[in-house]
Amino acid sequence: MSAPLQINFLLVSVLRALKLVHENKGITDMEIHFIHVKFYSIGVYLDTEVVSHLQQFKGKSAKELEENDEFFDALISAPVEKFIRLVVIKEIKGAQYGVQIESSVRDRLAAEDKYEDEEEEALEKVVEFFQSKYFKKHSAITYHFPANSATAEIVVTLEGKEDSKYVIENANVVEAIKKWYLGGSRAVSSTTINSLASTLSVELSK
């Protein structure tokens, strides 16, 4: 793997061979009783080898990449390790976050005609994992997508408690979660997509 970029982040020991593409710039929010509330920032970490899988987009501007969902499809499918880390800005119940992810993943899979009993069961288990948790400020949710696996590991870090983990084994649910955060125009945070496009455009120009 390429030499790591030095980063000041809690996962640095785990991510020593990964490059920080985007941290604390993507913001996800909700409308609650007509009040605009920002809930968490998004950090995306990609193995530096991802650039070798995106060479067909070399020379494209950040704006061109940002508007090209095929680019983000290639990013999602690239066989490299990926981490997505959410750091809580505003306290939120796990049940609230669970509803967010359930609705988004279900709707995406249904639109692609991929929402069957297996996906429903897998998604219910993800929601159940978050159900009893309470995310205070600075709590973190980390999604780890291994390079050559259709699974995803969720790690929840809460102050004063041991990390809790859950592995999603349904490939369609895993893919839908990737698209929720990295899916270009279909992603939950346009700020994250803008930052990814800007950073990767620079990397592809080298």
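Predicted model: local features only at pLDDT ≥ 70, side-chain atom pairs only at ≥ 80, totals over all residues.
Local features were considered at pLDDT of at least 70 and side-chain atom pairs at pLDDT 80 or more, whereas totals for chains, interfaces and linings use all residues. Residues are numbered from 1 along each chain as its sequence is written, and side-chain values use heavy atoms, with hydrogens and water left out.

The chain contains six helices and eight strands, where helices (H or I, at least four residues) and strands (E, at least two) are DSSP runs numbered from the N terminus. Their order along the sequence is β-β-α-α-β-β-α-α-β-β-β-β-α-α. Of the 206 residues, 47% count as buried; buried means under 20% relative accessible area, exposed means over 50%, and partly exposed lies in between (1.4 Å probe, protein chains only). The accessible surface of the chain is about 10500 Å², and carbon and sulfur atoms contribute 49% of this area. Accessible areas come from the Shrake-Rupley method with a 1.4 Å probe, and for residues only the protein chains shown count as cover. Among contacts in the chain with a separation of 6 or more, 66% are between residues 24 or more positions apart, a contact being defined by heavy atoms within 4.5 Å.

Eight salt bridges were counted, under the criterion of a side-chain nitrogen of Lys or Arg within 4 Å of a carboxyl oxygen of Asp or Glu. One of them joins the side chains of Arg-186 and Asp-69, with an N to O distance of 3.9 Å. Arg-186 is located in the loop between α5 (171-182) and α6 (190-204) and Asp-69 in helix α2 (residues 69-77), so this pair ties together parts that are 117 residues apart in sequence. Both residues are partly exposed, Arg-186 with a relative accessible area of 28% and Asp-69 with 23%.

A salt bridge is also formed by Asp-107 and Arg-106, at 3.9 Å from N to O. Asp-107 is partly exposed at 45% relative accessible area, and Arg-106 is partly exposed at 31%. In helix α4, Lys-125 and Glu-121 are four residues apart, about one turn of the helix, and their side chains meet in a salt bridge of 3.5 Å (N to O). The relative accessible area of Lys-125 is 41%, which places this residue in the partly exposed class; Glu-121, at 45%, is likewise partly exposed. Salt bridges with shared partners join Asp-69, Asp-73 and Arg-186 into one network.

A negative surface patch consists of Asp-113, Glu-116, Asp-117, Glu-118, Glu-120, Glu-124 and Glu-128. Patches are made of residues with over 30% relative accessible area and no salt bridge, with like charges joined within 9 Å and nonpolar side chains (Val, Leu, Ile, Met, Phe, Trp, Tyr) within 5 Å. Lys and Arg count as positive and Asp and Glu as negative, while His and the chain ends are not counted. The place of a charge is taken as NZ of Lys, CZ of Arg, CG of Asp or CD of Glu. Asp-113 is found in the loop between α3 (94-111) and α4 and is exposed at 64%.

Lys-133 is in the loop between α4 and β5. This lysine is buried yet has no salt bridge, and Glu-128, the nearest side chain of opposite charge, is 9.6 Å away. Apart from neighbours within four places in sequence, Lys-133 contacts Lys-93, Gly-94, Val-156 and Ser-164. Lys-136 occupies the loop between β5 (134-135) and β6 (140-145) and is partly exposed, at 47% relative accessible area. With neighbours within four places again set aside, Lys-136 contacts Val-88 and Glu-91. The C-alpha atoms of Lys-136 and Glu-159, 23 residues apart along the chain, are 8.1 Å from each other.

Most residues other than glycine have a negative phi. Asp-113, although not a glycine, has a positive phi of about 60°. His-138, also a residue other than glycine, has a positive phi near 80°. His-138 lies in the loop between β5 and β6 and is exposed, with a relative accessible area of 61%.
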